[in-house]
Amino acid sequence: MTERIRIVCYVALGLFGTPFGAWESDPRLFAQPSAESAIVAHFQAAQRAAREGHLDRAVEEYRKVLRLSPNLVEAQVNLGLAYHLLGQYRQAVSELAKAAGQKPDLLAANLFLGIGHLKLGSAEKAIPPLQRALRLDPSNREARRALAACRLAADDYRDAAHQFRTLFSQESNPEEAWFQLGRDYLDLAKRLTGGMAQKYRASPWAHRLAADLIAER
């Protein structure tokens, strides 16, 4: 793929709500009856369909692009994002993994790859791409919150609490920061006590916990 096509097919990948950025094509390419102009035409059609909310059509167009140019990573990422927004997480993970394999420093590919694994119930697989996303953008709250969810799923309460405190430190609104930290700690405590009560149901600790909960009510 030529550098010209890479420039033409450049996409500004946003997060949640605006994953498909606008782009401008060079009209001179459309006068050329070549594979390159076909790639640009299909890419443009996919972008237009995505902006209009026709994600199924966008998927079809991105797949046409990739049949013509299998290594065009921009199309691979956007195809994965389209599948993600459609709730087809297995397909999304498959496409985003290919994109991240080609370019490990792509924030969107790593972020949504991790979130996709998490939605599929594979928290362990979600951790590496989410960690890569945070190395690329330490202030990315979506990646950090997803990583905290992974740590909770693995019963790693220490690291989950660390992620919550980091989110707290990144929040510019003090009231919102304290409120969200409180909710996060409450969720952590509920999961911890629930797990301990199941694991040690007949222990004195479990009986005391039950008594404390009854007393609070």
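Visitor: How much of the chain is buried?
Guide: Buried residues make up 41% of the 217 residues in the chain. Buried means under 20% relative accessible area, exposed over 50%, and partly exposed in between, with a 1.4 Å probe and protein chains only.

Visitor: And what kind of model is this?
Guide: A predicted one: local features need pLDDT of at least 70, side-chain atom pairs count only at pLDDT 80 or more, and totals for chains, interfaces and linings use all residues. Residues are numbered from 1 along each chain as its sequence is written, and side-chain values use heavy atoms, with hydrogens and water left out.

Visitor: How many helices and strands?
Guide: The chain has 11 helices and 0 strands. Helices (H or I, at least four residues) and strands (E, at least two) are DSSP runs, numbered from the N terminus.

Visitor: What share of the contacts join residues at least 24 apart?
Guide: 49%, among contacts between residues at least 6 apart in sequence. Contact means heavy atoms within 4.5 Å.

Visitor: Take helix 4. How many of its residues are buried?
Guide: 12 of its 13 residues are buried, so helix 4 is mostly covered. Among them are V77, L81 and H84.

Visitor: What do those three meet in helix 6?
Guide: V77, L81 and H84 in helix 4 meet A108, A109, F112, I115, G116 and K119 in helix 6. By class, that contact has 6 nonpolar, 2 polar and 1 charged residues. Ala, Val, Leu, Ile, Met, Phe, Trp, Tyr, Cys and Pro count as nonpolar, Asp, Glu, Lys and Arg as charged, and the others, Gly among them, as polar.

Visitor: At what angle do helix 4 and helix 6 pack?
Guide: About 30°, with their axes 10 Å apart. Axes are lines fitted to C-alpha atoms, for helices over the stretch in contact, and angles run from 0 to 180 degrees between N-to-C directions. The crossing of helix 4 and helix 6 is left-handed. That term applies if the near helix is turned anticlockwise from the far one by less than a right angle; clockwise is right-handed.

Visitor: What comes just after helix 4?
Guide: G87, which takes a positive phi of about 80°.

Visitor: Moving on. How are helix 7 and helix 8 arranged?
Guide: Helix 7 (residues 123–136) and helix 8 (residues 141–153) pack at about 150°, with their axes 9 Å apart. They are therefore roughly antiparallel. Angles under 35 degrees count as roughly parallel, over 145 as roughly antiparallel, 65 to 115 as roughly perpendicular and the rest as oblique.

Visitor: Which residues meet there?
Guide: On helix 7, they include I127, L130 and L134; on helix 8, they include L147, C150 and R151. The contact of helix 7 with helix 8 has 11 nonpolar, 1 polar and 2 charged residues.

Visitor: And how does helix 8 pack with helix 9?
Guide: Helix 8 and helix 9 (residues 157–170) pack at about 160°, axes 8 Å apart. That makes helix 8 roughly antiparallel to helix 9. Their contact has 7 nonpolar, 3 polar and 5 charged residues.

Visitor: Where does F168 lie?
Guide: F168 lies in helix 9. At 25% relative accessibility, F168 counts as partly exposed.

Visitor: What does F168 touch?
Guide: A177, W178 and L181, not counting residues up to four places away in sequence. F168 and W178 are 10 residues apart in sequence and 7.1 Å apart in space, C-alpha to C-alpha.
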